[in-house]
Amino acid sequence: MARRMRARAAAGALAAAVAALWAGGAAAAAAPVIENARMLAPHHVLVQLGQPVADLSPGNFRVTEALAPDVAMEVTEVTVRPDGKLWLTLAQTVSPQNHYRLEIHRPRAVREVKPAAWALLLSVVLSASLINNFVFTRYLGLCVFFGVSKRQDTSIGMGITFTVVMVASAMLSWAIYTYVLSPLDLRFLQVLVFIGIVAFLVQLVDTVLKKLNRLLHQKFGIYLMLITTNCIILAVPLLNASANAGPWEALALAVGSGAGFAIALFLMSCAREKAELARVPKSFEGLPIAFALTGLFALAFMGFAGLNPFR
Amino acid sequence: MSTAAVPRPPAPGAGRLLLNGIFAENPVFRLALSLCPAVAVTTTVMNGLILGVAVLVVQVLSSVSVALVRRSIHPRVRIPVYTIIIAVWVSCIDMVLAAFFPTLYAQVGLYVKLIVAFAIIISRLELFASKQPLVPTFFDGLGMGLGFLFALVVIGAFRELLGGGAIAGHALLPHKPLLFFILPAGGFFSIALLMAFFNLVERRLSGGAARRPGGGGGAHG
Amino acid sequence: MNRPTAAPAPRGEGRPLGEILRIAGSVTLYCALGGAILGATYVATNRYQEVARAASEHRSIAQLLRLGPDASVVEIRQYLDPARDQVVYRAAPRGAETGTELTFALSGQLLGRARAGLRGGEAEEGLKPLGRIFVAMQGDSTAGFVIEGETRGYKNVVRFFVALDAAFDILGVRVIEHEEDPGLGAEIATPWFQGQYFGRTAEGASTLDVTKDPMPEDWRAALLELQRLPPAQWRSRYGGLLERESVQPVYAVTGATISSRALTMGVRSTVNRFRYRWSLVSPLLGEKP
């Protein structure tokens, strides 16, 4: 019993010593002048300081947009809030979604102010899957869409297969575009290369699946062939190329578009299964009513326009 | 479109092929192929016309190219090879448009690049160009291309008139009656209505014994 | 699309390996042929693409500023050097091969001035383009400025020209490139929408905003006339309306607020940045080095 208490005391002392050393070390190391900075619409910057700043005149602060670092935005007022944070007021409007640079002259400090990377990527995924859904808003991939969305199980199968192939081909296309086509000024080959990648990947997945898992291949094999003629599979690499996307943005777009297509397929299949049992005018049977249903979905998806959880 | 100057081939005559492409097997309204551009680009007649002409050119060029080299294409890789041929023609047309018709290109650029994935062209190559000699293939490609052009122009006219009150930029109505038709959702509805109309016409013409339009598009992708 | 079925029997008696090699060989051959054709087309058309683009830009500039045939245009290309934290301006009369190069620190201090060539190489130097400024001179006086700007629209990037007169009042805005939805976002590229920027003063431009309120009918009718009448005549007929509306926010396109806002904010920041940068650069460009 006593031994245990002594052990515990020793451990406590050790922990205290380590904590003291760490705190001392942290204090001895230079804390950044600007601990954190955030843009608040419409005109303000909230700055948390790590070290005291003596000169709080507006002239000591410089705020610029990342796209135009030479054009300073006028700082009209600097106030200190009760919690110690600085509240800068700017003459121009700012948006938390843009990229800015905050500088203090004395003491010298520079801080990039931009939305969190994960927030940016999440907004790309949301945009590609809901707001700018490839089927309902950008009308791509319709050919396959109408063929496969008749039944729920085919829809789910196609959705999964498509997302997997989409991500793989988009990333491969991005890599080849960024590291081969762009530097060598061979951008005019992009269509040929992207389609080649898709054909190659589809064959690869088909062969691998056949070897690995016969059952899965029987289930998903047929969808693979259809993917080659799906407009989306070509549109996503083209969009990434024209926007000069980074690897994470390309991935986010691929995931978002695959998810959006899967969602669209699934929703459509639910509706079409019901439509099979309904009384439809003879001229509308088959595709025309499917188009009308798609139109209704497209209308509904318009409600997502302007969705922005990160305002 | 007369067959007078062409020696009669064993395949269906040129006139029949052309009419087939435009009406009986119209790629959009009957075969339900290549719907993406049919909805996307047809907000105005001019847009539909331009893309329709581009597809017509690619279709004819690809059909002719495949017919010329069909004997040297290995069956197991025929789909990738068709795709390569189409991709080459599409990229060439893309570059030519960008160089000589920049304003046009600004509007239809992305969709021209997507022609590569159009099921209509690949399906035609698979069904016809790889099996038939050069001349009938040319007319089949021409017919299909014209049918597609016709479909795009009709849809474009429908949407531009109802949604924008104009045709080919010339305002016919003082205001926009139903802006809805220019939106993507409206595009889907327009095609639904026009397809149903074509079905109705087909049924009346063939005395009620018409077949349903091609397999929901799945068979042809 | 028809699923490619397995070939009925491999052609010839070849071993599987020979078969695969033959297939791979033929596909590679097609790819190579295709690549060659594309390469040739690219080489043939690339020059025309550049020429076509430059010609259409010059037409836009001449129209926006209503330049006479004897006007001359100086093109200034602005670059950011992120590695050295500098801004570089390269100015030359249109068509000239060499011009003046000015280098500034981000604080606005002049670092260097030289005669420099204009042709390319910016990417290798690590320079990021910030857009171009076109200064038009008619005779001895400045006819106006056209500044190239870029903003993120609803779908993709929107590129536009802003035209200012010598007093920095807006003469016009023209959207050069966009991918917005036809009938909705694409309406920002129409003359009637772009006409809303006409006549705004520089101060008004620096505080531009957008409203969702509907545009008054009389103003809409006046804007539609803006294309057809010469500016002086339009001003005399609609001067009162212009006075009333040029202090109002820009009226957004119904159903396309995001695109309208993007263009308006883009015009606003482009004008602000231009005025600062021009104040740095103009005294130095007038003098011959």
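1. Two residues are taken to be in contact if their C-beta atoms, placed from the backbone, lie within 7 Å. The model under discussion is predicted. With neighbours up to four places away in sequence set aside, B:Val90 contacts B:Val58, B:Val112, B:Lys113, B:Ile115 and B:Val116, together with A:Val191 from chain A.

2. B:Val90 also belongs to the largest nonpolar core, which holds 135 residues. The members that touch the most other members are A:Phe145, A:Leu253, B:Val58 and B:Val90. Helix α4 of chain B, residues 78-100, gives the largest share of this core, with 16 residues. As general background, nonpolar side chains tend to be buried together in soluble globular proteins.

3. Between chains B and A, 39 residues of chain B are in contact with 37 residues of chain A. On the side of chain B that touches chain A, at least two residues each are supplied by α2 (35-40), α4, α5 (102-113), α6 (119-129) and α8 (184-205) of chain B. The largest share, eleven residues, is that of α8(B). By class, this side of chain B comprises 28 nonpolar, nine polar and two charged residues.

4. Between chains C and B, 24 residues of chain C contact 32 residues of chain B. Helix α1 of chain C (residues 16-65) provides 17 residues, the largest share of the side of chain C that touches chain B. That side is made up of 13 nonpolar, eight polar and three charged residues.

5. Chain C itself contains seven helices and ten strands. Of its 289 residues, 35% count as buried. Among contacts in chain C that join residues at least 6 apart in sequence, 59% are between residues at least 24 apart.

6. Where in chain C does C:Gly185 lie? This residue is in the loop between β8 (170-177) and α3 (191-194) of chain C. C:Gly185 counts as buried because it has 24 C-beta neighbours inside 10 Å, and the cut-off for a buried residue is 20 or more. Not counting residues up to four places away in sequence, C:Gly185 touches C:Gly153, C:Tyr154, C:Glu180, C:Ala256 and C:Ser259. C:Ala232, by contrast, is 47 residues from C:Gly185 in sequence and 30 Å from it in space, C-alpha to C-alpha.

Terms used. Residues are numbered from 1 along each chain as its sequence is written. Chains are lettered from A and ligands numbered from 1 in the order in which they are written. This is a predicted model: local features need pLDDT of at least 70, side-chain atom pairs count only at pLDDT 80 or more; totals for chains, interfaces and linings use all residues. Helices (H or I, at least four residues) and strands (E, at least two) are DSSP runs, numbered from the N terminus. Ala, Val, Leu, Ile, Met, Phe, Trp, Tyr, Cys and Pro count as nonpolar, Asp, Glu, Lys and Arg as charged, and the others, Gly among them, as polar. A residue is buried if 20 or more other C-beta atoms lie within 10 Å of its own, exposed if 12 or fewer, and partly exposed in between; C-beta atoms are placed from the backbone. A nonpolar core is a set of buried Ala, Val, Leu, Ile, Met, Phe, Trp, Tyr and Cys residues joined through C-beta atoms within 7 Å.
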